[in-house]
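Here's a quick briefing to read alongside the model.

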Amino acid sequence: MTHNLLFLPGDGIGPEVMREARRVLEWLGAKRGLKLTITEMLIGGASIDMHGVPLTDAVIAAAQNADVVFLGAVGGPKWAGVAHDKRPEAGLLGIRKALDLFANLRPAVIFDALLDASSLKPDIVRGLDIMIVRELVGGVYFGQPRGIEILPDGQKRGYNTQTYSTHEIQRVARVAFELARARRKALCSVDKANVMESSIVWRETVTELHQAEYADVTLSHMYVDNCAMQLCRAPKQFDVILTDNLFGDILSDEASMLTGSIGMLPSASLGAEINGKRAALYEPIHGSAPDIAGKGIANPLAAILCVEMWLRTSRRDLAAADLLAKAVAQVLQNGARTADIATSGQKALTTQEVGDAVLKALEN
Ligand code: IPM
Ligand code: MG
């Protein structure tokens, strides 16, 4: 079986880190018989420059036909002036929506070799392994009505709508319960049910699903403000966190920083399984990092670990995934690091040198 991969490197450091992920895929093709074809297209600012829009119909069609999409990052100061609905980020939101990628899996895992990079004390984060499941195509990001209006007295009024219906909650909660079941069997659902009606429906729906189908998983509920606090106080209490689009956006940035290395973390965005096929998009958690773009110093490991997450989550090729995970761990252990995670006194490597180191570790 040949896997059709769509590469959307995007903007900033996106193309630089994706190049290294591509080399790893090509190695897997040559050395482990993984059959793949890779097509590259534009998204975000790169697409605006070429086509005037951040996401073209051709890219949506290619993504729908591909077995998997790998995305780099979108956005940058260059496009600060473009209309709100045409900004680079609209391309990312657009492809999520077009593929109905409702479940966003964002792991926060600490690498032993990087314990000192965390802003928290080593004891608090050693062994940390959290999975955040963020609802990705609903809530206030997409809710209607939304807009900016001018009031009679000349003031502006901006408004958005937070909405969640039973089905939207159930399908993402199922993904989270299934993940928890295969891990430490603990799911914490995070909401703001003390204030918001959408959260009341969220909490009720998750509770009912738990009783009906997942009673073997321990379910707890937490308000989002408390969760933000608990993540810095005692993050190891969490196994899987399930939350909505906006809360998940915020909590996943916080959780990634516990690991000290936002440049290390991959993510998966998944759709529903239809005829044995599930739409999937993998992207690093980090953004386009315009400040270091073009310098060849960005950390390619999050992009490379996207390949690992794809092998594990979509392909279920655990042998290949483990091999790649081990290679990355070895590279870190050997101190082959880009500037963002290099320890003082250590020589920082370039993006490509770290890619080389991963390939060399794979060979061994
Ligand atoms: C993310 C990003 C996006 C989001 C932006 C770039 C639109 O912050 O993937 O977390 O808010 O979802
Ligand atoms: Mg975000």
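The protein carries 38 positive and 42 negative side chains, and the centres of the two sets sit 4 Å apart. Lys and Arg count as positive, Asp and Glu as negative, with His and the chain ends not counted; each charge is placed at NZ of Lys, CZ of Arg, CG of Asp or CD of Glu. This is a predicted model, where local features need pLDDT of at least 70 and side-chain atom pairs count only at pLDDT 80 or more, while totals for chains, interfaces and linings use all residues. Residues are numbered from 1 along each chain as its sequence is written, and side-chain values use heavy atoms, leaving out hydrogens and water.

**Overall build**
- You'll find 12 helices and 12 strands, meaning DSSP runs of H or I (at least four residues) and of E (at least two), numbered from the N terminus.
- The C-alpha atoms fill a box of roughly 60 × 50 × 45 Å along the principal axes.

**Inside**
- Buried residues (under 20% relative accessible area, 1.4 Å probe, protein chains only) make up 50% of the 364 residues.
- The largest nonpolar core has 70 residues, and Phe70 and Tyr282 touch the most other members. Such a core is a set of buried Ala, Val, Leu, Ile, Met, Phe, Trp, Tyr and Cys residues joined through side-chain atoms within 4.5 Å.
- Helix α10 (residues 301–313) gives this core its largest share, nine residues.
- A second, separate core of 19 residues includes Ala108, Leu115, Leu128 and Val224.

**Around Phe70**
- Beyond its neighbours within four places in sequence, Phe70 has contacts (heavy atoms within 4.5 Å) that include Leu5, Met18, Tyr282 and Trp310.

How values were computed: Chains lettered and ligands numbered in written order.
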